[in-house]
Amino acid sequence: MIILLCGLSGAGKTTLAKKIKENLNRVEIQTEVIDADEYRQQLFPDLKYSKDDRFENIRRLGFIANKFSNLGIVTVISAIMPYEAMRSQLIDNYDDVKVVYVDCPLPILKARDTKGLYHKAQLPDGHPEKVCNLTGVNDPFEAPVTPHLYINTYTHNITECTGMLLTFIQQERHLLNRRYIAC
Ligand SMILES: Nc1ncnc2c1ncn2[C@@H]1O[C@H](COP(=O)(O)OS(=O)(=O)O)[C@@H](OP(=O)(O)O)[C@H]1O
Ligand SMILES: Nc1ncnc2c1ncn2[C@@H]1O[C@H](COP(=O)(O)OP(=O)(O)O)[C@@H](O)[C@H]1O
């Protein structure tokens, strides 16, 4: 199973992915988190934030995720994944792909600003530190219209959000196992 944990920077993807891995490992369900930020730094320094580079990033992450998923490992991709078409590509190319939209209102993200990116995106044009294509501010984000799961990290705390995701994954695994037994 591949879980696409998508949403704006600071929405809570990394936090929830880590919690899920801890919780599932505790009940001996093998889990791998593919954090886009980490893969970009360690493996894909060639990719920036143009639309083409973002598509290429998600294509690569999907390819890697599928290898883990085929081994029966619950695989979580934590990435902004801003375009509907890139999420659909993964759904079309691989088995058992589930979209989880990690949502949080932009004003809250600007207040959280864990990486200082929102501040940098609002600097005046021409400023040397200005971030010019930050998703949700000056670059598009196509919110999933029909995600398999919707999580709002503003209205629910970390424990509640982790619980929602955990329940969802366990239900999906149960359905998957029943499908395999029926075959
Ligand atoms: N311009 C711009 N837009 C969006 N994000 C930016 C940008 N510059 C740097 N960052 C950092 O890169 C992380 C997002 O990378 P992703 O691979 O998830 O993006 S994408 O799915 O390819 O669109 C993202 O990580 P998260 O904060 O964990 O979402 C940011 O820390
Ligand atoms: N309900 C919640 N779920 C997840 N993170 C939350 C929640 N409420 C507040 N936060 C905080 O928001 C920040 C989210 O950062 P992070 O997980 O790195 O986001 P992302 O990976 O989407 O960029 C963390 O500082 C986290 O403690």
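The exercises below work through the fold, selected residues and ligand shells of a predicted model.

**Exercise 1. Describe the fold and the overall dimensions of the protein.**

Solution. 
Step 1. The secondary structure consists of seven helices and five strands.
Step 2. Taken in sequence order, these elements give the pattern β-α-β-α-α-β-α-β-α-α-β-α.
Step 3. Along the principal axes, the C-alpha atoms occupy a box of roughly 60 × 35 × 30 Å.
Step 4. A compact globule of 183 residues would have a radius of gyration near 16 Å, and the protein has 17 Å, so the two agree.
Step 5. Buried residues make up 30% of the 183.
Step 6. Of the contacts between residues at least 6 apart in sequence, 73% join residues at least 24 apart.

**Exercise 2. Is A11 buried or exposed, and which residues does A11 touch?**

Solution. 
Step 1. A11 sits in the loop between strand 1 and helix 1.
Step 2. The cut-off for a buried residue is 20 or more other C-beta atoms within 10 Å.
Step 3. A11 has 26 such atoms within 10 Å and is therefore buried.
Step 4. Setting aside residues up to four places away in sequence, A11 touches V102, D103, C104, L109 and T153.
Step 5. For A11 and L109, a separation of 98 residues along the chain goes with 6.7 Å between C-alpha atoms.

**Exercise 3. Place P124 in the chain and classify its exposure.**

Solution. 
Step 1. The loop between helix 6 (117–121) and strand 5 (149–152) contains P124.
Step 2. P124 has 6 C-beta neighbours inside 10 Å, so it counts as exposed.
Step 3. Between P124 and Q171 there are 47 residues of sequence separation and 48 Å in space, C-alpha to C-alpha.

**Exercise 4. Classify E28 and D96, two residues with a positive phi that are not glycines.**

Solution. 
Step 1. The phi of E28 is about 60°, and that of D96 is about 55°.
Step 2. E28 belongs to the loop between helix 1 and strand 2 (31–35), while D96 belongs to the loop between helix 4 (84–93) and strand 4.
Step 3. E28 counts as exposed because it has 6 C-beta neighbours inside 10 Å.
Step 4. D96 has 17 other C-beta atoms within 10 Å, so it is partly exposed.

**Exercise 5. Describe the shell around ligand 1 and examine R54, one of the closest residues.**

Solution. 
Step 1. Ligand 1 is surrounded by 22 residues, the closest being S9, A36, R54, A79 and I80.
Step 2. Helix 1 (13–26), helix 2 (36–42) and helix 3 (51–70) are the elements that each supply two or more residues to this shell.
Step 3. By class, the shell around ligand 1 holds ten nonpolar, six polar and six charged residues.
Step 4. R54 is located in helix 3.
Step 5. R54 counts as buried because it has 22 C-beta neighbours inside 10 Å.
Step 6. Apart from neighbours within four places in sequence, R54 contacts Y49 and P82.
Step 7. Y83 is 29 residues from R54 in sequence and 9.0 Å from it, C-alpha to C-alpha.

**Exercise 6. Which element gives the most residues to the shell around ligand 2, and how is that shell made up by class?**

Solution. 
Step 1. The shell around ligand 2 has 17 residues, with G12, K13, T14, T15 and T153 the closest.
Step 2. Helix 1 and helix 7 are the elements that give two or more residues.
Step 3. Helix 1 gives the most, with four residues.
Step 4. The shell around ligand 2 comprises four nonpolar, eleven polar and two charged residues.

Technical notes
Residues numbered from 1 in each chain as written. Chains lettered and ligands numbered in written order. Predicted model: local features only at pLDDT ≥ 70, side-chain atom pairs only at ≥ 80, totals over all residues. Near = placed C-beta within 6 Å. Nonpolar A, V, L, I, M, F, W, Y, C, P; charged D, E, K, R; others polar. Buried ≥ 20, exposed ≤ 12 C-beta atoms within 10 Å, placed from the backbone. Rg over C-alpha atoms; globule rule 2.2 N^0.38 Å. Contact = placed C-beta atoms within 7 Å.
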